[in-house]
Amino acid sequence: MLRTSNYSLVLSLQFLLLVYDLFVNSFSELLRTAPVIQLVLFIIQDIAILFNIIIIFLMFFNTFVFQAGLVNLLFHKFKGTIVLSAAYLVLSIAFHIWIMNLRWKNSTHFVWTDGLQALFVFQRLAAVLYCYFYKRTALHLGDPRFYQDSLWLRKEFAQVRS
């Protein structure tokens, strides 16, 4: 059972990781002349996204709904966040690899190809959607209905069984 104090701590950690992600997305281009620092920021950003995904799954595993065997219900209710988080992680890693490959040896020149620009747009669009859906999911998982037996859960279980 996720207690209020634990939930507050987990939620704060999730929001801290989201703020770091937003910070790197907003200001990483200012560090293009320092590729090593930019590389470290990108690695930490990718790890932060991965940690957020792990945390959300740990929160899923901690719910009464999951423990009652209604994994499909959780997946159906939060599949947008799960798919979007995975897609955002892949887009971020691809963008970071591409941009570091182009800028590593010649960081003083502004290198911006058409493909990189398209990937940049998709990655930033996914970032906005990821932040919104992830935050919404993290707040929804604080609902007590997910952590105790209730009429809502019994109805869902009856629908699955029939």
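A: Two directions count as roughly parallel under 35 degrees, as roughly antiparallel over 145, as roughly perpendicular from 65 to 115, and as oblique otherwise. The model is predicted, with local features requiring pLDDT of at least 70 and side-chain atom pairs pLDDT 80 or more, while totals for chains, interfaces and linings use all residues. Residues are numbered from 1 along each chain as its sequence is written, and side-chain values use heavy atoms, without hydrogens or water.

Q: At what angle do H2 and H4 pack?

A: Two packed helices are described by the angle and the distance between their axes. Axes are lines fitted to C-alpha atoms (for helices, over the stretch in contact), with angles from 0 to 180 degrees between N-to-C directions; helices (H or I, at least four residues) and strands (E, at least two) are DSSP runs numbered from the N terminus. H2 and H4 pack at about 170°, with axes 11 Å apart, and are therefore roughly antiparallel to each other. H2 passes H4 in a left-handed crossing, meaning that the near helix is turned anticlockwise from the far one by less than a right angle (clockwise would be right-handed). Their contact has 17 nonpolar, 5 polar and 2 charged residues. Here Ala, Val, Leu, Ile, Met, Phe, Trp, Tyr, Cys and Pro are nonpolar, Asp, Glu, Lys and Arg charged, and the others, Gly among them, polar.

Q: How do the axes of H2 and H5 cross, and which residues of H2 meet H5?

A: The axes of H2 (residues 35-61) and H5 (residues 114-140) come within 12 Å and cross at roughly 30°; the two helices are therefore roughly parallel to each other. The crossing in which H2 passes H5 is left-handed. With contact taken as heavy atoms within 4.5 Å, Gln45, Ile49, Asn52, Ile55, Ile56, Met59 and Phe60 of H2 meet Gln123, Tyr130, Tyr134, Thr137 and Ala138 of H5. These residues divide into 8 nonpolar, 4 polar and no charged.

Q: At what angle do H4 and H5 pack?

A: H4 (residues 71-103) packs against H5 at about 145°, with the axes 8 Å apart. Their crossing is left-handed, and the contact has 19 nonpolar, 7 polar and 1 charged residues.

Q: How many aromatic pairs does the structure hold?

A: Rings of Phe, Tyr and Trp (its six-membered ring) pair if their centres lie within 6.5 Å; planes under 30 degrees apart are stacked, over 60 edge-to-face, and the rest tilted. The structure holds 11 such pairs. One of them, Tyr130 with Tyr134, is tilted, at 5.6 Å centre to centre and 40° between the planes. Both residues lie in H5, 4 residues apart, about one turn of the helix. Ring pairs also link Phe57, Phe60, Phe61, Phe66, Phe78 and Phe146 into a cluster.

Q: Is Tyr134 buried or exposed?

A: Buried means under 20% relative accessible area, exposed over 50%, and partly exposed in between (1.4 Å probe, protein chains only). Tyr134 is buried at 0%, and Tyr130 is buried at 2%.

Q: Where do Ser28 and Gln148 lie?

A: Ser28 lies in the loop between H1 (4-27) and H2 and is buried, at 1% relative accessibility. Leaving aside neighbours within four places in sequence, Ser28 contacts Phe23, Gln38, Phe42 and Arg124. Gln148, in the loop between H5 and H6 (151-161), is partly exposed at 41%. Its C-alpha atom is separated by 8.1 Å from that of Val65, 83 residues apart along the chain. Not counting residues up to four places away in sequence, Gln148 touches Phe64 and Leu153.
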